[in-house]
Amino acid sequence: MSALAHPFRPAGANKIDPVLVMLWILLIAVAALWIAPFIFIVFTSLKSNAMVMGTGAFAPPSEADWGNYSRAWARGKFSTTVLNSAIITIIKVPLGLAISAMAAYALSRIQMVGRRIAFLAIVFGTMIPFQVMLAPLFTLVNSLGLINTYVGIILPYLAFGVPYQVFILHGFFRDVPKELSEAALIDGASHFTTFRRIFLPISLPVLAALLILDFVATWNEFAMALVILQDNSKWTLPLGLMSFQSQFSNDYGQLNSAIVMTVLPATIVYLIFQRYFISGLTSGAVKE
Amino acid sequence: MASVDVDKVRKSYGPLEVIHSVSVNIVDGEFVILVGPSGCGKSTLLRMIAGLESITAGDIRIGERIVNHLPPKDRDIAMVFQNYALYPHKTVAENMGFALKLRHASKAEIETRVRRAAEILDLIPYLSRYPRQLSGGQRQRVAMGRAIVRDPKVFLFDEPLSNLDAKLRVQMRAEIKELHQRLKTTTIYVTHDQVEAMTMADRIVVMRDGIVEQAGLPLDLYDQPANLFVAGFIGSPSMNFLKGAIRVNGKPSFVTEDGVTLPLASAPAGADGRPCIYGVRPEHLTLGGDVKVEVSVIEPTGSETQVFAKIGPQKIVGVFRERVSTKPGETLLVTPNVDAVHLFDSATGARLQ
């Protein structure tokens with residue numbers, strides 16, 4: 001009991017703090033709220049159609065029906081959509097980060113005319129929701145003859161992804177003591193060497209956080225892919241999922257298996273990098 | 001090693017000129033300290049020598065070369081920064097060897113030179129540690145190690161001890177001085193701490209508002225300050241300044257604005273009645289004599305006693321080897337050492353004698 005009581009007491013206090021108790025209850029409630037859909041999806045993905053109809057939404061499957069996964073894989077053309085999503089994400093995410101990091105370095109560290117205006121122009125990009133740009137974007141990509149191509153979707157993804165990454169990295173690079181780049185300059189480093197050997201390694205936590213966010217955003221992106229990738233041989237996972245629902249609207253087991261397979265890669269990437277993600281989000285919050 | 005010549009150098013930021021035609025010649029192997037209050041331009045001058053700031057006018061020579069437009073890496077200099085500027089993701093050894101690595105030195109050579117520098121600075125046990133695992137003093141030594149590994153022609157130090165506590169500062173002061181005596185590399189060192197300047201420098205350059213007020217040997221600056229600013233800046237506690245006029249009535253003397261007469265060994269010719277400022281260092285006052293001062297505060301430090309007092313409304317400080325039993329509010333008799341009295345022009349602040 002004393003071990004249980006510990007989280008409810010402020011450090012060094014004997015009495016249980018009711019505010020802390022309330023906070024814990026709130027925390028558990030919010031956590032339950034967040035985890036509920038995942039439990040629902042995972043459980044449902046393992047139920048046969050009859051079991052879905054016959055049991056409660058959050059009841060665990062009495063007998064796991066793994067066949068849902070193989071059937072969903074085949075019917076949803078996952079072999080194609082996974083490949084498309086993987087190609088687009090694996091090219092776009094590192095490329096976008098590399099461009100953003102270099103731009104952020106240049107904008108924060110290299111003295112040049114018009115630096116501020118260039119930065120403002122890039123940051124302005126974060127203010128435009130891409131949904132309002134979908135129609136002109138389609139016209140542009142179409143006129144370039146890039147509809148239904150990887151390049152046709154990767155270029156707009158880069159254009160909309162780079163501004164907010166530049167914004168975040170610029171803030172981080174600007175706070176790196178200027179003596180650090182001056183020391184590198186005296187040591188004989190060029191700007192590119194300083195960027196690669198000093199700035200990139202020390203910004204790893206931020207880069208990892210951006211990588212996770214960008215990976216998840218790109219992997220799950222739907223609207224732009226829907227407009228630009230019209231040929232179903234070029235469909236990405238979210239597009240495949242959409243067709244799934246209309247085609248097998250009654251088969252909740254298969255639909256949820258498809259959802260699990262869709263979100264799994266993003267979850268794995270998150271779990272791999274989450275250590276950096278947390279430190280990236282809080283880096284610079286306290287003086288080290 | 002090399003000499004460094006700063007010749008009529010100016011620096012402007014837009015219309016604002018912050019360095020006004022400064023000239024300093026530093027001979028090969030010399031340890032020169034640029035000292036002055038915050039904003040006097042000493043760090044800017046050092047950064048111009050390093051190549052981190054451009055020069056608006058004038059020339060900087062390192063050795064025989066004019067380096068005005070050379071990038072820092074081609075000037076053959078090494079710099080130690082106030083906040084150390086160590087690469088946080090590299091170990092001590094990697095920090096020290098980074099410059100050599102960029103110059104494509106062989107692994108064996110890097111290791112040998114890093115080891116040699118680490119031996120000089122007692123850093124051998126820390127070579128595989130990261131900067132965050134070191135104390136302030138150790139970090140500062142790594143920063144120095146990074147500089148000496150390259151064997152540069154000139155060392156530049158920008159307030160390297162300001163981030164250390166008082167005790168460590170005294171220790172590092174001795175270490176830097178010892179390092180210079182051992183390596184004999186030309187060194188330019190910036191500080192706002194006149195004690196650091198006095199104790200370490202072969203020569204001191206006192207700066208204020210972007211000009212050189214006086215350059216010379218530390219004790220020359222102490223004994224013969226060129227003007228009121230240098231007189232007040234060098235020495236701790238600061239020199240006492242009393243306003244008044246010279247009176248030559250047979251024997252020369254100085255009379256303060258409130259009519260207190262102070263002794264003078266001699267006066268400049270034709271100076272009778274000339275208004276000027278009488279300067280005497282706190283340590284050049286002795287107990288006893290005929291100058292009456294009213295004690296305000298007494299600060300015994302054990303080895304000496306500092307007495308804050310007033311001559312009329314003008315404040316004066318005395319430092320005495322003896323213990324002083326006088327209470328605040330009481331009168332104390334003191335005598336200035338006439339051979340150590342300075343006179344400055346009231347209008348220009350320039351030294352009269």
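In chain B, strand S1 (residues 4–13) and strand S2 (residues 16–26) run antiparallel and are joined by seven bridges; strands (E, at least two residues) and helices (H or I, at least four residues) are DSSP runs numbered from the N terminus, and two strands are taken to pair if DSSP finds at least two bridges between them. The model is a predicted one, in which local features need pLDDT of at least 70 and side-chain atom pairs count only at pLDDT 80 or more, while totals for chains, interfaces and linings use all residues. Residues are numbered from 1 along each chain as its sequence is written, and chains are lettered from A and ligands numbered from 1 in the order in which they are written. The predictor assigns the complex an ipTM of 0.84 and a pTM of 0.81. For chain B the average pLDDT, the predictor's confidence in each residue from 0 to 100, is 92, and 100% of the residues score at least 70.

S4(B) in turn pairs with strand S5 (residues 65–66) of chain B over two bridges, antiparallel, with Ile66(B) in S5(B) as the bridge partner of Arg61(B). The hairpin of S4(B) and S5(B) has two residues between the strands, and Gly63(B) in its turn shows a positive phi of about 70°.

S6(B) runs parallel to strand S7 (residues 154–158) of chain B, to which four bridges join it, and Met79(B) stands opposite Leu156(B) in S7(B).

In chain A, the axes of helix H8 (residues 150–174) and helix H11 (residues 204–220) come within 11 Å and cross at roughly 160°. H8(A) is therefore roughly antiparallel to H11(A), a description applied to angles over 145 degrees. The contact, defined by C-beta atoms placed from the backbone and lying within 7 Å, brings residues of H8(A), including Tyr157(A), Gly161(A) and Phe172(A), against Val206(A), Leu210(A), Asp214(A) and Thr218(A) in H11(A). Its residues divide into six nonpolar, three polar and one charged; Ala, Val, Leu, Ile, Met, Phe, Trp, Tyr, Cys and Pro count as nonpolar, Asp, Glu, Lys and Arg as charged, and the others, Gly among them, as polar.

The contact between the chains takes 14 residues from chain A and 17 residues from chain B. Helix H9 (178–187) and helix H10 (191–202) of chain A each supply at least two residues of the side that touches chain B, and H9(A) gives the most, with seven residues. That side of chain A divides into nine nonpolar, two polar and three charged residues.

Methods
Axes are lines fitted to C-alpha atoms, for helices over the stretch in contact, and angles run from 0 to 180 degrees between N-to-C directions. Angles under 35 degrees count as roughly parallel, over 145 as roughly antiparallel, 65 to 115 as roughly perpendicular and the rest as oblique. Two residues are in contact if their C-beta atoms, placed from the backbone, lie within 7 Å.
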